[in-house]
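Work through the exercises below with the structure open. Try each task before reading its solution.

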Amino acid sequence: QVQLVESGGGLVQAGGSLRLSCAASGSIFSINSMYWYRKAPGKQRELVAAITRSGVTNSVDSVKGRFTISRDNAKNTVYLQMNSLKPEDTAVYYCYADVIATTRAQFNVWGQGTQVTVSS
């Protein structure tokens, strides 16, 4: 079984920074792409950023220049560095990964989410 555990959320003032981490654990052979999503109250879940195993990244326009996704394959961990935070970034942030288990079975795994609140 594979689990994703996020950390690093919290309360920050507008203009501040936070760094989210998401560590995968379990019977992992490899992890393909990893993603950060967010869900704000009253809004649909939104893909924030993605990164392939080789490090190719993409992000939604609203966070370009402010958020940076990165990963450490040796640690099976993905990060989201969030700078210049705005109140509209307030949401629960979820990690998502395309995981190949040691059995070679493929799993799409979600983390439990971490709350980010940006005060004005």
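The model is predicted.

**Exercise 1. Give the strand order of the open sheet of 4 strands, and find its edge strands.**

Solution. 
- Step 1. Read off the order: β1-β3-β8-β7. The pairing is antiparallel.
- Step 2. Look for strands that pair on one side only. These are β1 (2–7) and β7 (67–72).
- Step 3. Check the angle between neighbours. On average, neighbouring strands of this sheet are turned by 15° against each other, direction ignored.
- Step 4. Inspect the pair of β7 and β8. Strand β8 spans residues 77–82 and pairs with β7 over 6 bridges, in the antiparallel sense. Within this pair, D72 faces T77 of β8.

**Exercise 2. Determine how many bridges join strand β4 to β9, and how many join β4 to β5.**

Solution. 
- Step 1. Take β4, residues 28–39, with β9, residues 91–101. The two run antiparallel and share 9 bridges. I28 lies opposite A101 in β9.
- Step 2. Take β4 with β5, residues 46–51. This antiparallel pair has 5 bridges. R38 has E46 as its bridge partner in β5.
- Step 3. Examine the hairpin of β4 and β5. There are 6 residues between the strands, and G42 adopts a positive phi near 80°.

**Exercise 3. Locate the salt bridges of the whole structure and decide which residues they join into one network.**

Solution. 
- Step 1. Side chains of opposite charge can pair when their charged atoms come close.
- Step 2. Search the whole structure: there are 3 salt bridges.
- Step 3. Start with R38 and E46. Their side chains meet at 2.8 Å, N to O.
- Step 4. Move to R38 and D89. Their closest N and O atoms are 3.0 Å apart. R38 sits in strand β4 and D89 in the loop between β8 and β9, so this pair ties together parts 51 residues apart in sequence.
- Step 5. R66 belongs to the loop between β6 (57–59) and β7, while D89 is in the loop between β8 and β9, so the pair ties together parts 23 residues apart in sequence.
- Step 6. Connect the shared partners. R38, E46, R66 and D89 form one network.

**Exercise 4. Classify R38, E46, R66 and D89: is each one buried or partly exposed?**

Solution. 
- Step 1. Apply the cut-off: buried means under 20% relative accessible area.
- Step 2. R38, at 7%, is buried. R66, at 11%, is buried. D89, at 1%, is buried.
- Step 3. E46, at 26%, counts as partly exposed.

Terms used
Residues numbered from 1 in each chain as written. Predicted model: local features only at pLDDT ≥ 70, side-chain atom pairs only at ≥ 80, totals over all residues. Heavy atoms only, no water. Pairing = 2+ DSSP bridges. Axes fitted to C-alpha atoms, helices over the stretch in contact; angles between N-to-C directions. Salt bridge = Lys/Arg side-chain N within 4 Å of Asp/Glu carboxyl O. Buried < 20%, exposed > 50% of the residue type's maximum accessible area, 1.4 Å probe, protein only.
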